[in-house]
Every structure is written in structure tokens, then in C-alpha cells.
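Me: I have a structure here that I have not looked at before. Can you walk me through some of it?

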Amino acid sequence: MRSGTDGMHIKEKVLAKIREYDTVLLFRHQRMDGDCVGAAKGLQQILRLSYPEKKVILHDWQRSNYLAFMGPDDGDVPAETYKTALAVVLDTATRDRISNPHWQECREVIKIDHHIETDPYGDLNWVEPERSSVCEMVAEFAASFPEELKLDKRAAECLYAGMVTDSGRFRYPGVTGDTLRLAAGLLDTGIDTETLYANLYLRDRNMFRYESWVYENMRLTEHGAAYVHVPLAVWQGFGLDFEAASDAVGFLDSVRGSILFMALIETGLPDRSVRVRLRSRFMAVDRLAAAFHDGGHANASGGTVYSEAEEAALLAAADDLIRGCRRDHPEWM
Ligand SMILES: [Mn+2]
């Protein structure tokens with residue numbers, strides 16, 4: 001079976017599909033982060049500039065105070081709009097994590113993602129797990145078709161924000177020469193990085209008090225998995241939302257002697273779930289996360305535990321993993 005698009009690069013297929021539609025709806029994941037918001041808003045701006053006649057809509061009822069500087073989403077979308085639209089889902093590994101469930105009503109679906117592929121829910125799936133961010137992929141998409149796709153400073157700011165946040169300020173192992181070349185192209189549009197970094201990294205004083213609490217209460221397993229369990233009453237007591245409380249994992253990432261670190265944040269949901277954010281250096285944690293109801297990237301994953309016993313099992317599994325890695329790589333700090 002040959003279709004007219006065989007042999008085309010996946011990016012060309014994505015562009016061809018976008019050309020076909022009058023309406024493109026953009027989707028991202030629940031518990032949004034800089035990458036999914038930046039990629040959706042960046043791509044929206046690119047498509048609006050490049051195809052003024054198309055409707056390009058980003059509608060989501062979830063909000064993030066932290067990322068509000070990238071601008072508001074669009075209002076309600078009539079049900080019939082979905083039926084004739086193309087859905088482009090960004091930075092979302094599995095269908096159950098797509099924030100706006102109406103994506104299923106769209107005529108066709110494109111998935112653009114950089115998580116390890118476990119659920120190819122798109123009619124087209126452009127998935128590159130080695131990419132540092134989906135914003136990097138969208139930047140490359142625009143750069144690949146400069147005659148057709150227009151990118152301005154506003155689009156560049158959104159994409160750059162996602163690249164910076166998903167790569168730990170260009171620090172994580174997924175960062176390549178391509179990442180920096182694409183980031184350079186975005187900077188050339190005149191991005192105001194001083195304002196951008198102020199939006200991303202200035203923190204209220206209660207966050208510093210929380211950080212201090214996290215360092216006081218962090219623990220190490222026998223072989224050096226650093227972790228902290230944050231009770232609901234604690235993070236609420238610091239006046240934080242769940243998103244801000246989850247930043248605790250970032251506080252633990254520079255403890256010498258630890259190459260795996262976890263923040264376990266009580267969600268306060270009726271199922272008594274505790275959300276786990278896992279990060280690592282040198283070693284992969286995505287399979288560990290997959291054993292606890294989620295997954296993600298090799299060095300940054302998420303999971304959930306639903307009981308004290310399951311939490312203990314996670315800590316034991318993490319310790320076991322780190323013990324094996326240390327045995328095989330005594331040079332790792
Ligand atoms: Mn991402």
C-alpha cells in the first residue's frame with residue numbers, strides 16, 4: 001500500500017496535514033509545564049502568522065499561575081468545531097494525560113512528543129525521545145520550512161521558555177548541538193531573556209522557607225537515593241499549590257553522593273495518592289517510574305503511590321536500582 005505521503009519525512013507529513021485543515025486545535029498535558037505550554041502557544045503563534053485564514057485554537061480549563069506570563073488560552077470551543085478539526089497534541093506521552101478530553105472528537109490527530117513512546121494515539125506520530133523538549137521540535141519544525149512557516153519574537157519567547165525549563169537551563173543530558181543551534185535561532189528574534197528569566201525563576205519568600213524545610217527533612221536510602229515526603233498540611237502550610245510543592249525534586253538534585261532523587265508529594269485526593277517526581281544523573285529511572293503507574297524520560301519521570309506499603313516498595317526499588325548502578329560504575333559521584 002502506497003499513499004502519496006510515503007517517503008516524506010514525518011515533519012513534511014505534519015506540515016501537509018496542517019495545510020489540509022481550516023481549523024487546528026492544540027492540546028497539551030495535565031499538570032502543565034513550561035514545555036507543553038510553550039510548545040502549544042509557540043506553535044499556535046507560528047500557525048496564526050503563517051496561515052491567517054485558518055482558525056488555530058488552544059482551549060484548556062486548567063490554569064497555571066507560574067506560566068500565565070505566556071498569555072491566556074482561548075475561550076470555549078463549540079462541539080461542532082472539534083468534529084472538522086485537526087488536533088495537534090504536544091508533549092503528552094499517553095492519551096489519558098491529554099488535558100482537554102475533546103481531542104478524541106477531532107477528525108485527525110497528530111502527536112508531537114519527546115517522551116518514550118508507549119501509546120501512539122495519533123494518526124501521525126512524530127516522537128523523538130532523545131529531544132530535550134517538544135519546544136525544540138517545534139523550533140526545528142519552523143526552521144525546516146522557512147518559506148512557509150513564520151516565526152516572530154512572541155512565538156520564539158514561548159518556545160525558548162519551554163526549551164529552558166525542560167532542559168534545566170540547557171543542563172540535562174538531552175541537550176545537543178542542535179538544541180543550542182535552534183535556541184540561537186530563537187534568540188535572534190530579539191527575545192527579552194531578562195524578563196523571561198524573571199518570570200521563570202524569581203520566587204516568593206515562602207518558597208525559600210519551603211526549600212529550607214525540604215533540606216531539613218530530606219532522607220537518603222542506604223545506597224544514596226535522596227528523597228523527601230511532603231505531607232499535604234506542610235505544603236499547604238507554606239501557602240503553595242501542588243505545582244509549586246512538586247518543585248521540591250529540583251532542590252534535591254545537587255546532593256553529592258546521590259544520583260537518584262525523588263519528591264513524594266501528598267495530593268490530598270480521596271484516593272490518598274502520593275505523587276512522585278523522580279530524577280537521576282547517569283542512570284535511567286523511567287522503568288522504575290513505569291512500575292509505579294507512570295513513566296516519562298530516562299532522567300526525569302513521574303509516578304504515583306497509593307499506600308504506605310507502596311511507598312516503601314518504591315524506596316526499596318530505588319535503592320536497589322542505585323546499588324546496582326554503583327556496583328557497575330564506581331566512578332559515578
Ligand atoms: Mn516536555
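This is a predicted model: local features need pLDDT of at least 70, side-chain atom pairs count only at pLDDT 80 or more; totals for chains, interfaces and linings use all residues.

Me: OK, salt bridges to begin with. How many does the structure hold?
Reply: There are 20 salt bridges in the structure.

Me: Take R28. Which residue does R28 form a salt bridge with?
Reply: That partner is D73, with the closest N and O atoms 2.6 Å apart. The pair links distant parts of the chain, 45 residues apart: R28 is in the loop between β1 (23-27) and α2 (34-50), while D73 is in the loop between β2 (55-58) and α3 (79-83).

Me: Are R28 and D73 buried or exposed?
Reply: Both R28 and D73 are buried.

Me: And K41, what does its side chain meet in a salt bridge?
Reply: The side chain of K41 meets that of D73, at 2.7 Å from N to O. This pair also links distant parts of the chain, as K41 is in helix α2 and D73 in the loop between β2 and α3, 32 residues apart.

Me: Why does K41 count as buried?
Reply: Because its relative accessibility is 2%, and buried means under 20%.

Me: Next, R323. Which residue is its salt bridge partner?
Reply: R323 pairs with D320, and their closest N and O atoms are 2.4 Å apart. Both lie in helix α13 (residues 308-328), 3 residues apart, which is about one turn of the helix. R323 is partly exposed at 34% relative accessible area, and D320 is partly exposed at 43%.

Me: Different topic. Where is E108?
Reply: E108 is in strand β4 (residues 108-113). Its side chain makes a polar contact with the side chain of K17, at 3.3 Å. Leaving aside residues up to four places away in sequence, E108 touches K17, E20, Y21, A85, L86, A87 and D123.

Me: Now the sheet. What is the order of its 6 strands?
Reply: The order is β6-β7-β8-β9-β11-β10, in an open sheet with mixed pairing. The edge strands, β6 (219-220) and β10 (295-296), each pair on one side only.

Me: Do β7 and β8 pair in the parallel or antiparallel sense?
Reply: Strand β7 (residues 225-230) and strand β8 (residues 260-266) pair in the parallel sense, over 6 bridges. Y227 has M262 in β8 as its bridge partner.

Me: Which strands does helix α8 touch?
Reply: Helix α8 (residues 205-217) packs on the sheet and touches β6, β7 and β8, its direction making about 125° with that of β7. Helix α13 lies across β7, β8, β9 (274-280) and β11 (300-305), and runs at about 170° to β8.

Note on methods
Residues are numbered from 1 along each chain as its sequence is written. Side-chain values use heavy atoms; hydrogens and water are left out. Helices (H or I, at least four residues) and strands (E, at least two) are DSSP runs, numbered from the N terminus. A polar contact is a pair of N or O atoms within 3.5 Å; within protein, one must be able to donate a hydrogen and the other to accept it, and residues adjacent in sequence count only if both atoms are side-chain atoms. Contact means heavy atoms within 4.5 Å. A salt bridge is a side-chain nitrogen of Lys or Arg within 4 Å of a carboxyl oxygen of Asp or Glu. Buried means under 20% relative accessible area, exposed over 50%, partly exposed in between (1.4 Å probe, protein chains only). Two strands pair if DSSP finds at least two bridges between them. Axes are lines fitted to C-alpha atoms, for helices over the stretch in contact, and angles run from 0 to 180 degrees between N-to-C directions.
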